[in-house]
Amino acid sequence: MGVMEEAKGKLKQAAGDLTDNDALKTEGEAQADKGAEERKETEARAKAQAHEKKAEMHEQKQKLAEEA
């Protein structure tokens, strides 16, 4: 999600540079920054989910040990 937004922003930045269009360049910078933040959020969520799964696995292991 964020990766595509980031890429589109970078393309707009480049187009703004080539055409000497400051508005397009600024828009591209903002879009790229937004995309980068969205990408970071997605990565953080994936990492958190992995930690949750690992914690669940340890909890199940503990329950099995208690039953034994």
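Buried, in what follows, means under 20% relative accessible area, exposed means over 50%, and partly exposed covers what falls in between (1.4 Å probe, protein chains only). The model is a predicted one, so local features need pLDDT of at least 70 and side-chain atom pairs count only at pLDDT 80 or more, while totals for chains, interfaces and linings use all residues. Residues are numbered from 1 along each chain as its sequence is written, and side-chain values use heavy atoms, with hydrogens and water left out.

Helices here are DSSP runs (H or I, at least four residues), numbered from the N terminus. Take α1 to begin with. Its 18 residues should span 26 Å at 1.5 Å a residue, and the end C-alpha atoms do sit 26 Å apart, which agrees; the expected span is 1.5 Å times one less than the number of residues. G2, E5, E6, G9 and G16 are the buried residues of α1. Looking down the axis of α1, these buried residues fall within an arc of 100°, so they line one face of the helix (the arc being that of the directions from the helix axis to the C-beta atoms). On the face turned away from that buried side, α1 carries the exposed residues V3, M4, L11, L18 and T19. What the buried residues of α1 pack against is α2, with contact taken as heavy atoms within 4.5 Å.

Between the helices come a couple of details worth a look. D20 follows α1 and has a positive phi, near 55°. N21 then caps the N-terminal end of α2, with a side-chain oxygen 3.1 Å from the backbone nitrogen of A23. For reference, a polar contact is a pair of N or O atoms within 3.5 Å; within protein, one must be able to donate a hydrogen and the other to accept it, and residues adjacent in sequence count only if both atoms are side-chain atoms.

Helix α2 covers residues 22–67, and for its 46 residues the 1.5 Å rule gives 68 Å; the end C-alpha atoms are 68 Å apart, so the two agree. The buried residues in α2 are G28, Q31, A32, G35, A36 and E38. They pack against α1 (2–19).

Now for the charged side chains. Side chains of opposite charge can pair when their charged atoms come close. With a salt bridge defined as a side-chain nitrogen of Lys or Arg within 4 Å of a carboxyl oxygen of Asp or Glu, the structure holds 9 of them. One joins E6 and K10, at 4.0 Å from N to O; both residues lie in α1, 4 residues apart, about one turn of the helix. E6 counts as buried because its relative accessibility is 14%, whereas K10, at 49%, counts as partly exposed.

K40 and E37 are 3 residues apart in α2, so about one helical turn separates them. K40 is partly exposed at 44% relative accessibility, and E37 is partly exposed at 47%.

E43 and R39 make another salt bridge, their closest N and O atoms being 3.5 Å apart. This pair also sits in α2, 4 residues apart, about one turn of the helix. R39 has a relative accessible area of 25% and is partly exposed; E43, at 46% relative accessibility, also counts as partly exposed. Salt bridges that share partners tie E6, K10, R39 and E43 into one network.

Technical notes
Helices (H or I, at least four residues) and strands (E, at least two) are DSSP runs, numbered from the N terminus.
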